[in-house]
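Work through the exercises below with the sequence and the 3D view open. Try each task before reading its solution.

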Amino acid sequence: MSRNLILGAVLSSLVLLAALVSFVWTPYNYAALDIPNKLQPPSAQHWFGTDHFGRDMFSMIMVGARTSIAVALVAVGIGMALGVPLGLTAAARKGSWLDEVIMRGNDLVFAFPSLVIAILITAVFGAGAINAIIAIGIFNIPVFARITRGAALSLWEREFILAARVSGKGAARISAEHILPNVANLLIVQGTIQFSLGILAEAGLSYVGLGAQPPTPSWGRMLADAQTMVSFAPHLALIPGLAIIVTVLGLNLLGDGLRDWLDPRIQVARA
């Protein structure tokens with residue numbers, strides 16, 4: 001087991017643990033205002049200090065982890081749930097009009113970054129975590145569709161697939177029973193990477209006011225609130241920024257470690 005996998009698992013587990021614990025306990029009420037104690041530096045009483053409203057930063061970071069993980073997890077789930085079947089269908093119908101429609105549709109979605117999609121959705125339905133999930137999820141669909149199609153195409157000419165076709169199995173059954181299990185490892189690794197990108201996307205959307213809305217804490221909005229106070233209260237920007245860095249770094253290391261662990265070619269090379 002590689003060091004990247006271990007370190008990534010440790011960092012990711014710490015963030016996940018903070019998010020889970022926040023459901024039942026935080027040092028302070030993350031929404032409670034305490035103006036007389038605003039902008040306090042980190043101390044024994046407030047481990048990460050307080051913000052410009054006197055709210056405990058450690059409590060906000062814990063709940064912010066919950067918000068970021070929830071948004072990114074659901075968004076990646078949407079991308080996988082819709083993108084994987086589309087990719088399998090496109091690979092099974094390679095060269096057909098259906099393959100062309102799916103791939104050109106993917107190109108169309110790729111032309112609009114998640115931020116632009118979020119702005120369009122917000123203009124119609126308003127800002128919020130749900131709309132951020134939809135925007136990031138839509139952007140993930142073509143990613144998983146392309147990955148799945150590319151991996152599946154390399155399998156359709158393999159002997160065991162030809163044997164399945166000779167036995168009378170249809171394209172849908174072959175895709176479900178033979179193709180999908182053989183590309184699952186790749187999808188797991190890609191899902192981990194997209195999860196980290198989802199964390200960044202959620203922070204970016206919250207930074208511009210399109211993500212989770214007050215009083216729900218969000219790392220991106222905490223950075224936005226801190227940008228005018230960095231000179232005299234640097235902890236307001238450093239702490240949520242470090243939270244994002246640690247989370248994304250942990251997930252990227254985890255994805256890299258999973259790729260090395262699950263890829264048989266790398267295992268053979270090391271042996």
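The model has 10 helices and 0 strands in the protein chain. It is a predicted model: local features need pLDDT of at least 70, side-chain atom pairs count only at pLDDT 80 or more, and totals for chains, interfaces and linings use all residues. Residues are numbered from 1 along each chain as its sequence is written, and side-chain values use heavy atoms, with hydrogens and water left out.

**Exercise 1. Describe the overall fold of the protein chain.**

Step 1. List the elements. From the N terminus on, they run α-α-α-α-α-α-α-α-α-α. Helices (H or I, at least four residues) and strands (E, at least two) are DSSP runs, numbered from the N terminus.

Step 2. Take the dimensions. Along the principal axes, the C-alpha atoms fill a box of roughly 75 × 50 × 30 Å.

Step 3. Check burial. Of the 271 residues, 44% count as buried. Buried means under 20% relative accessible area, exposed means over 50%, and partly exposed lies in between (1.4 Å probe, protein chains only).

Step 4. Look at the contacts, meaning heavy atoms within 4.5 Å. Among those between residues at least 6 apart in sequence, 70% join residues at least 24 apart.

**Exercise 2. Characterise the packing of helix 4 on helix 5.**

Step 1. Get the geometry. The axes of helix 4 (residues 114-125) and helix 5 (residues 129-153) come within 9 Å and cross at roughly 140°. Axes are lines fitted to C-alpha atoms, for helices over the stretch in contact, and angles run from 0 to 180 degrees between N-to-C directions.

Step 2. Classify the angle. Under 35 degrees counts as roughly parallel, over 145 as roughly antiparallel, 65 to 115 as roughly perpendicular and the rest as oblique. Helix 4 and helix 5 are therefore oblique to each other.

Step 3. Name the residues. Ser114, Ile117, Ala118, Ile121 and Phe125 in helix 4 meet Asn131, Ile134, Ala135, Ile138 and Phe139 in helix 5.

Step 4. Sort them by class. This contact of helix 4 with helix 5 has 8 nonpolar, 2 polar and no charged residues. Ala, Val, Leu, Ile, Met, Phe, Trp, Tyr, Cys and Pro count as nonpolar, Asp, Glu, Lys and Arg as charged, and the others, Gly among them, as polar.

**Exercise 3. Repeat the analysis for helix 7 and helix 9.**

Step 1. The axes of helix 7 and helix 9 come within 9 Å and cross at roughly 170°.

Step 2. That makes helix 7 roughly antiparallel to helix 9.

Step 3. On helix 7, the contact residues include Asn185, Ile188, Phe195 and Ala203. On helix 9, they include Ile244, Leu251, Arg259 and Leu262.

Step 4. The residues of this contact divide into 12 nonpolar, 6 polar and 1 charged.

**Exercise 4. Is helix 8 enclosed or open?**

Step 1. Count burial. 6 of the 8 residues of helix 8 are buried, so it is largely enclosed by the rest of the structure.

Step 2. Name them. Trp219, Gly220, Arg221, Met222, Ala224 and Ala226 are the buried residues.

Step 3. Find their partners. These buried residues pack against helix 1, helix 2, helix 7 and helix 9.
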